[in-house]
Amino acid sequence: MTVLFVDIVGFTSMVDELDCADVRDLQIDYFGLVSAVVRAAGGVVEKFIGDAVMAVFGAHGPRAGTPDAVSCAAAAAVRAGLGVQEALRGRLLAGRFPVRTRVGLATGDVIVDLDAARDGGYGMVSGSVVATAARLQACAPHDTVVVCSATQSASEGAVAFQELPPVSLAGKAAPVELWRALDPQDVPASARTLQPCG
C-alpha cells in the first residue's frame, strides 16, 4: 500500500506565537481540508500528529495488494497529495493563517490494522514504508509532493514525475531515489494506463 504524510512548514515556530485557541482553529481547518481530499481520493486518515497527517491508500478491498490495486492506490495517493497542495494554495486557514506544506509518499509492504483502535487512535499500520514516507516528507521542498521510486514506478502511467537527486535518510543504508510529482494533466490521456479504482 501507499502511505502519505503531509505537514505544515514552520508549524512549531508559527504556533509559538499563537494562543492555544488559534492553534486549535488552524488545526481544525487544516485537518478537515486534508481529510476531505484524502477521503475523496479513496484513502483513510490513519492519524493526526501535531501538524502532520498520515493517510493510507490501498488497504481495503478484495484486490488489495495485487499489482493493479497497488498501482491504482499509488496513483490515488499521489493525486491526493497534489490535491492537498492545490487546496491549500493561497488559502488562509481559520480565515487568517497562510501555510506552506510538504507531502511525502512511499509504497511498500505493511501489516494493516485499521479496525482495531489502540488507546483512542485510528488503527495501526506497521512496516518500514511508514518511516520512509515520513522522512521523505521532511526533506521535500516546500509546496511539493515527493515520492519514493516504488510509488513513482507504480503510478507513472497516471502522473508525470521529475527525478530529483537521491537523498540520504536516517536509518537507510543507501541513498533513496526521489521523484517530484507533477500535475496529472501533464501526462497525455493516451499514456494513462490506469483505470479508476473501485
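**Close-up views of a predicted model**

**View 1. Asp29 and Arg91 form a salt bridge, with closest N and O atoms 2.8 Å apart.** A salt bridge here is a side-chain nitrogen of Lys or Arg within 4 Å of a carboxyl oxygen of Asp or Glu. Asp29 sits in helix H2 (residues 20–40) and Arg91 in the loop between H3 and strand S4 (92–93), so the pair ties together parts 62 residues apart in sequence. Helices (H or I, at least four residues) and strands (E, at least two) are DSSP runs, numbered from the N terminus. Asp29 is buried at 18% relative accessible area; Arg91 is partly exposed at 34%. Buried means under 20% relative accessible area, exposed over 50%, and partly exposed in between (1.4 Å probe, protein chains only). The model is predicted: local features need pLDDT of at least 70, side-chain atom pairs count only at pLDDT 80 or more, and totals for chains, interfaces and linings use all residues. Residues are numbered from 1 along each chain as its sequence is written, and side-chain values use heavy atoms, leaving out hydrogens and water.

**View 2. Strand S1 (residues 2–8) is largely enclosed by the rest of the structure, since seven of its seven residues are buried.** Thr2, Leu4, Val6 and Ile8 cover one side. Val3, Phe5 and Asp7 are on the other. S1 runs antiparallel to S6 (residues 101–107), joined by seven bridges. It also pairs with S3 (residues 52–57), again antiparallel, over five bridges. Pairing requires at least two DSSP bridges between two strands. Thr2 has Phe57 of S3 as its bridge partner.

**View 3. Asp7 stands opposite Arg102 in S6.** The two residues also form a salt bridge, with closest N and O atoms 3.6 Å apart. This pair links distant parts of the chain, strands S1 and S6, 95 residues apart. Arg102 is buried at 15% relative accessibility, and Asp7 at 12%.

**View 4. Arg100 and Asp143 meet through their side chains in a salt bridge (2.8 Å, N to O).** Arg100 is in the loop between strand S5 (97–98) and S6, and Asp143 in the loop between helix H4 (128–139) and strand S9 (145–147), 43 residues apart. Arg100 is partly exposed at 43%. Asp143 is partly exposed at 29%.

**View 5. Ser155 lies in helix H5 (residues 149–155).** Ser155 is buried, at 0% relative accessibility. Beyond its neighbours within four places in sequence, Ser155 contacts Ala74, Ala75, Val78 and Phe161. Contact means heavy atoms within 4.5 Å.
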